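Visitor: Could you walk me through what is on the screen here?
Guide: Gladly; let us look at the structure together.

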Amino acid sequence: MATPEKSKESLEADLKELEKGIVMNKVKHGNQYERIYVLDRDKMVLRYEGSTKVFRKKTPEIALHNIIEIRLGENSHTKRFRNLNKEQCFSIVVGARHNLVTLMSPNENLRDMWVRGLRHVIASEKSAQQEREYDRWIRDAFLSADKNSDGEVDFDELVKLLKSLNARMKKKYILQIFNEANTNKTANRYGKQTLDSEEFVKFYHLLTRRSELEELFKSICEEPRYVRGKSYLSSGDLLKFLKQQQKEKTVTEDMCKEWIKKFEPDPCFKQQIRLSLLGFQLFLASPEQSIFNPACLQVYQDMKQPMINYFINSSHNTYLLEDQLHGPSSVEAYIRALQKGCRCVELDCWDGNDDEPVIYHGHTLTSKIQLDKVLIAIKEYSFKTSPYPVILSIENHCSLTQQKVMAHQIKTILGNNLYIHDDNAPCPSPHDLMNKILLKMSDEVLPSIPYRKRIKDLIRNGIPTIGQGKKLPPLSTDNDGVSDEDEAEEMEEEKKKAEASREGIEMPKEKIPKKVKLEKSLSELIGIRSQRFTSIEHAVDNGDPFKMTSIGEMKMCNLLEENIVEDNRKLTKAIMVRTYPAGLRTDSSNYTPVMMWNVGCQVVALNYQTEDTPMQLLLGKFLDNGGCGYLLKPSYLLSGKPEVEPSQPKLLAIKVISAYQLPKPSESFKGEVIDPIVKIEIHGMDEDKAEKKTRVIRNNGFNPRWDEDFEFRIDHPDLCILRFTVKDYDLGGDDFIGYFTIPFNCMQEGYRQFNLNNKKNEVIYKSMLLLHIDIKPVS
C-alpha cells in the first residue's frame with residue numbers, strides 16, 4: 001500500500017504541520033511511550049521530546065541523512081506492531097545497521113502525512129548538489145557551536161567547537177579569524193561579540209583554508225589569473241590539470257565548463273566560467289574526482305558469461321544479527337544484506353510449530369523466525385539495489401511434511417521470480433537470470449545431531465575464540481561422512497578433530513548417517529543443485545558448471561596448502577565453489593576472503609553482521625561493477641580458459657598528503673586531541689601483500705599533513721585490493737578512526753580525495769584523505 005500523492009502546495013502545508021510537532025507513540029518491547037515528534041528542516045533532523053531516561057540529552061534527534069528507509073506498518077517486517085492497527089504505524093530504518101524506530105500515530109491520515117513528508121525531505125536532501133553538501137558541513141558546524149540555539153555563536157563557543165573538531169589552535173589565531181569574520185559587530189545579551197550564520201560561513205572558510213590545496217591550485221597556472229583580487233582558473237587551465245595531473249584522457253573543455261558551472265559558488269565567476277579556489281576545492285571533493293573511478297560505479301562488465309565465471313557477493317547465516325550461539329535472528333538481517341548488494345543469502349530451515357518451517361541456527365539458543373516472513377522480505381528487497389539474480393542457499397533440516405509447506409510457500413510467495421533450471425540446459429548468465437531468485441540446495445537431507453552441550457564442552461576444553469581474519473589451527477579435514485549442506489554437523493566434526501589433535505590420536509572413520517531424500521515438490525524447485533565435494537580430481541572429471549559445492553573454511557585452507565594454485569583454480573573452473581566460516585567461529589568472526597578469491601572461488605560467504613576487516617574487504621571489492629553483486633573474474637580464472645596468468649605487473653606510487661576533519665575515536669577522552677597515523681595495506685596474492693604507514697602527527701585531527709611517499713610493486717593487479725586506515729596513535733594500541741577499501745583496478749590517478757567509513761561502514765561525510773596516485777607498468 002502506497003501513501004497517496006499530494007500537490008506541492010498541500011505537501012508544503014503538511015510539512016509545516018510536522019514542524020509544529022505531533023504526539024505519537026514509540027513502540028518498543030511490546031510497550032508504547034508517548035513522545036512529541038518534530039520535523040526540523042533547518043537542522044535537517046527529526047527530534048522528539050518527552051523521554052524520561054536518565055542521562056539522556058533533552059531533545060534526542062535523528063539526522064535525516066542517516067535514515068535509510070521509511071516503511072508503512074503493513075510492510076514493516078517487524079513483530080513490534082503485532083496486535084496494533086498497522087495502518088496507523090510506520091518504521092524508520094536508521095544507519096548501516098538498520099536500527100528500527102517504530103511509531104504509531106493517532107490515525108492513518110497523520111501516519112501518511114509523516115511518511116510522505118519524511119520521504120520528500122529525505123529525497124530532497126539526498127539529491128542535493130555538491131555545493132549543498134559543503135554547505136551542510138558548515139551548517140552542522142554552526143549548529144554544533146551554537147550550544148544555546150540562539151542563532152549566534154560567540155568566541156568561547158567557537159573555541160569549544162574547534163576542540164570537538166580535533167583542532168588545537170592558539171586562541172590568538174582563532175581571535176584573529178573571528179575578528180576578520182565579525183563584520184556586523186553585534187553582541188549578545190552578555191555583551192560578548194557574536195557571529196551570525198552568514199559571518200560564521202566566512203569564519204569557517206577562513207578557518208578551513210588548506211595550504212596543500214592552495215599550493216596545488218597555484219601550480220596549475222604558470223601565470224596566475226586574478227579578478228577583483230581573487231585568483232581563478234579558466235576552463236582551459238582546468239582541462240590541462242585534468243589531462244596532465246589527473247590522467248583523464250577523455251575529458252573535454254566543454255566538460256570542464258559544465259563542472260565550473262556546477263561547483264563554482266561565486267555567481268559572477270560561474271557566469272564568466274571561472275573557477276575560484278573554493279570552487280576548485282569543491283570540485284576535488286566531488287565524486288567525479290574521487291579516488292574511485294566513476295566508471296566502475298556503473299555496470300560495465302560483460303554480464304552474459306556463464307554464472308561460473310563470476311565472483312558473487314555472499315552472506316553466511318544471513319539471519320543472525322550477532323554470534324552463532326545465542327544471538328537474535330531477524331528478517332531485517334536479510335533486508336540489510338540485500339540492500340548492501342548481497343546476491344547469495346543463507347536460510348537454515350527447521351521444523352517449526354503448527355507446521356510452519358522456521359529459520360535459525362539449529363540446536364543453539366539463537367531465536368527463530370518464520371520462513372514465510374523471510375521469503376516475503378526477500379521478494380520485496382531482492383532487486384532494489386541490483387537486477388541480477390539472488391541465490392537462496394538453503395540448508396534443509398525439515399521433515400517431509402514441512403518440506404511440502406516449504407515448497408508451497410516458496411512457489412506462492414516468490415511466484416514468477418523463481419527460476420527452475422533444466423538440467424539439460426547450458427549454464428545461464430547473470431543477464432539471463434535478471435530479476436530471478438534461485439534455490440541452491442542438495443537433493444538429500446541429512447539428519448542433524450544436537451550439539452548445544454558439545455559446544456559448551458568445546459569452549460570449556462580450551463578451543464580458542466578465533467579473531468577476525470585469523471587462520472584456524474591445522475586439523476585433519478577428512479569429512480567424507482559430512483554433507484556439504486550441514487554446517488551444524490561439520491562443527492561437531494571440527495570439535496572432535498580438535499580434541500583428537502590435542503590428544504595426538506587418529507580419528508576413527510565415522511559411519512555415514514542415512515540420508516533422507518528431498519520431498520518431490522521441493523526438489524522440483526531447485527535452481528542450482530549442490531554437489532558434495534570429495535576431491536579436486538573428482539570435481540574436475542564430474543563437475544557441472546551450474547552446480548555448486550560447499551567447502552568449509554578449514555578444508556579449503558588445507559586445499560590451498562596442499563595443492564598448487566593452478567590445481568585449485570581447475571576446481572573453480574569446473575564447478576561453482578561456495579566457502580563459509582568454520583563452525584569454531586562461534587563469535588561470528590570472519591576468515592580473510594582474499595585467499596579464496598585468488599583461486600577463483602565464486603561464492604565466498606562471510607558473516608555480514610560482523611564489521612571486521614574481512615567484511616570491509618568484501619564490501620570494497622563489490623563496489624566495483626556498479627555494486628551489482630557480480631564481478632567477472634579475470635580471464636585466466638574463467639571456465640575453459642588457460643591457467644597461465646598473463647604478466648602485467650604495476651608500480652604503484654602513493655603520496656599521502658593530508659587529511660581533513662578526522663573524528664575522535666569512540667574510546668577517546670573528552671577534550672583529547674588525536675594523533676593520527678595512516679596505514680596502507682595491499683591485499684591479494686602472497687607476493688603482493690604489503691603494509692606501510694606514515695609518521696604520527698601530534699595533536700591535530702583537523703588538518704594533519706604528512707607529504708610522505710610510498711611505493712608498491714603489484715604483480716597481480718586484477719586480484720589486488722587496497723585498504724587505507726586512519727588511527728589515533730597510542731602506546732597501548734592505536735584506536736580506529738576510519739577506513740576506505742578499493743580494488744586496484746578502480747583507482748584513478750592524480751590528486752584524489754575520498755571520505756572515510758566508520759566501523760559501522762557508514763560514510764563519515766566530513767572526513768577526507770588526500771592522496772596523489774601514480775601507476776606505471778613495471779619495465
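Visitor: How many salt bridges does the structure hold?
Guide: The structure holds 35 salt bridges, a salt bridge being a side-chain nitrogen of Lys or Arg within 4 Å of a carboxyl oxygen of Asp or Glu. This is a predicted model, where local features need pLDDT of at least 70 and side-chain atom pairs count only at pLDDT 80 or more, while totals for chains, interfaces and linings use all residues. Residues are numbered from 1 along each chain as its sequence is written, and side-chain values use heavy atoms, with hydrogens and water left out.

Visitor: OK, which residue does Arg41 form a salt bridge with?
Guide: Arg41 pairs with Glu19, and their closest N and O atoms are 2.9 Å apart. Arg41 lies in the loop between β2 (31–40) and β3 (45–49), whereas Glu19 belongs to helix α1 (residues 8–20), so the pair ties together parts that are 22 residues apart in sequence. Helices (H or I, at least four residues) and strands (E, at least two) are DSSP runs, numbered from the N terminus.

Visitor: And Glu69, buried or exposed?
Guide: Glu69 is buried, with a relative accessible area of 15%, where buried means under 20%, exposed over 50% and partly exposed in between, using a 1.4 Å probe and protein chains only. Glu69 forms a salt bridge with Arg71, at 3.2 Å between the closest N and O atoms, and Arg71 is buried with a relative accessible area of 2%.

Visitor: Switching topic, in what order do β8, β9 and β10 sit in the sheet?
Guide: The order is β8-β10-β9, in an open sheet with antiparallel pairing, and two strands pair if DSSP finds at least two bridges between them.
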